[in-house]
Amino acid sequence: MNLKLILENTAEKYAPKAAIVLGQRRMAYAELDELSNRAANALMKMGVAKGDRVAMLLPNSPDFAVIYFGIIKTGAIAVPLDTGYKIGELASLFDNCRPRVLITADPFLEMLVPALPRFDYIKHVIDLGSGHEGRFPGYGEIMAASSGQRVGVELAADDIATISY
């Protein structure tokens with residue numbers, strides 16, 4: 001199964017139909033596809049490549065789906081993490097999967113900031129919020145600066161898409 005192609009083909013076939021509905025927010029398949037291309041292109045600008053791990057410590061939201069598919073489109077491995085984990089549990093999981101990028105938001109980011117120097121394999125932290133006082137790039141900032149063009153990474157049937165703990 002190739003999740004990248006499934007989304008792209010579904011977006012072509014059902015472009016205006018709702019892919020995500022959360023309260024009053026609706027996101028069509030075409031928008032999900034385009035935004036996930038932006039996320040993928042932004043991650044690739046940061047050096048994310050096929051096989052890299054990208055940890056996601058995020059609440060449920062439409063942005064979660066955008067980021068998840070963006071990671072998949074780069075050929076990297078999405079590592080969604082439970083927001084209920086404590087710092088010790090996260091440290092153990094980080095050491096196990098060794099993510100290159102962490103995408104998170106407050107209050108989780110606030111909890112992680114003191115421990116981040118310990119995780120030298122995490123090269124980039126993206127804040128779903130405003131960039132944590134300019135310390136980390138904000139999600140909106142990287143999305144605005146990125147292209148919505150399709151990502152040309154070829155994925156094989158046996159490529160790993162997700163590590164779930």
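Among the 30 residues of the largest nonpolar core, the ones touching the most other members are Leu32, Val66, Ile67, Ile71, Ile103 and Ile126. A nonpolar core here is a set of buried Ala, Val, Leu, Ile, Met, Phe, Trp, Tyr and Cys residues joined through side-chain atoms within 4.5 Å. Buried means under 20% relative accessible area, exposed over 50%, and partly exposed in between (1.4 Å probe, protein chains only).

This is a predicted model, in which local features need pLDDT of at least 70, side-chain atom pairs count only at pLDDT 80 or more, and totals for chains, interfaces and linings use all residues. Residues are numbered from 1 along each chain as its sequence is written, and side-chain values use heavy atoms, leaving out hydrogens and water.

Leaving aside neighbours within four places in sequence, Leu32 is in contact (heavy atoms within 4.5 Å) with Leu7, Ala19, Ile20, Met27, Ala65, Val66 and Phe69.

Now to the rings. The structure holds three aromatic pairs; rings of Phe, Tyr and Trp (its six-membered ring) pair if their centres lie within 6.5 Å, and planes under 30 degrees apart count as stacked, over 60 as edge-to-face and the rest as tilted.

Phe94 counts as buried at 0% relative accessibility, and Phe119 counts as buried at 1%. Ring pairs also link Phe94, Phe119 and Tyr121 into a cluster.
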